[in-house]
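The following exercises are intended for a reader who meets this structure for the first time. Each task sentence is followed by a solution in steps.

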Amino acid sequence: MMVIEDWRPPIVEMVMVKRDLAGYDPQNAFPNHLPEVAAPPQKIDETEQSLAIVLDPEHRAFLSFADGWKCFHQHVTLLSTSGLIAGPLRDAALDPDPSDGPQAERELVLRGGLTGHDGLLELFV
């Protein structure tokens, strides 16, 4: 598995790809947003404390360069530090089955949300 420590090159590449794709979407059928400004280390620490988890190093690194990315891929959003703590997208991602018990929310975050991706620990909605 590839681990990304410096997210600047992939973020720049993704921005360029989104820019190029936007050229093929003159009707703006798909939203085209840029990543958010980097989260300061203190904000990432506060997020971990609030969630009572430790984010994996790759996820922390991503947040240190981009604190979330609305509609990163079409309607898939990479949640910001504040979005991981609370908000409608988090609520939609965490809509656990009540029979799963109180650990369902924490386990969903630890598994990486709805991604099925073994890289970023992210909640995708």
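## Exercise 1: The nonpolar core

Task: Determine which residues have the most contacts inside the largest nonpolar core.

Solution. Step 1. The largest nonpolar core has 16 residues. A nonpolar core is a set of buried Ala, Val, Leu, Ile, Met, Phe, Trp, Tyr and Cys residues joined through side-chain atoms within 4.5 Å. Buried means under 20% relative accessible area, exposed over 50%, and partly exposed in between (1.4 Å probe, protein chains only).

Step 1. Inside this core, the residues with the most contacts are Trp 7, Ile 11, Ile 44, Leu 55, Phe 62, Leu 63 and Leu 84. Contact means heavy atoms within 4.5 Å.

Step 2. H2 and H3 are the elements that give two or more residues to the core, and H3 supplies the largest share, three residues. Helices (H or I, at least four residues) and strands (E, at least two) are DSSP runs, numbered from the N terminus.

The model is predicted: local features need pLDDT of at least 70 and side-chain atom pairs count only at pLDDT 80 or more, while totals for chains, interfaces and linings use all residues. Residues are numbered from 1 along each chain as its sequence is written, and side-chain values use heavy atoms, with hydrogens and water left out.

## Exercise 2: Confidence and overall layout

Task: State where confidence is lowest and where it is highest, and give the order of the elements.

Solution. Step 1. The average pLDDT of the protein is 80, and 76% of the residues score at least 70. This score is the predictor's confidence in each residue, from 0 to 100.

Step 1. Confidence is lowest in helix H6 (residues 103–111), with a mean of 47, and highest in helix H2 (residues 41–51), at 96. Over residues 104–125 the pLDDT is below 50, and this stretch has 57 contacts in the model beyond near neighbours in sequence.

Step 2. The protein contains six helices and two strands, in the order α-α-α-β-β-α-α-α from the N terminus on. Of its 125 residues, 35% count as buried.

## Exercise 3: Helix H1

Step 1. The arc is that of the directions from the helix axis to the C-beta atoms.

## Exercise 4: Helix H2 and Glu 48

Task: Describe the buried face of H2 and the surroundings of Glu 48.

Solution. Step 1. Ile 44, Thr 47, Glu 48 and Leu 51 are the buried residues of H2. Seen down the axis, they fall within an arc of 95°, so they line one face of the helix. Gln 42 and Gln 49 are exposed on the other side of H2.

Step 1. H3, H4 and helix H5 (88–93) are what the buried residues of H2 pack against.

Step 2. Glu 48 has a relative accessible area of 11% and is therefore buried. Not counting residues up to four places away in sequence, Glu 48 touches Ile 53, Val 54, Leu 55 and Arg 60. Its side chain reaches the backbone nitrogen of Leu 55 at 2.8 Å.

## Exercise 5: Helix H3

Task: Find the buried residues of H3 and the elements that cover them.

Solution. Step 1. Glu 58, His 59, Ala 61, Phe 62 and Leu 63 are buried in H3.

Step 1. Their cover includes H1, H2, E2 and helix H4 (81–85).

Step 2. At the start of H3, a side-chain oxygen of Asp 56 comes to within 3.0 Å of the backbone nitrogen of Glu 58.

Methods: Polar contact = N/O pair within 3.5 Å; in protein donor to acceptor, adjacent residues only side chain to side chain.
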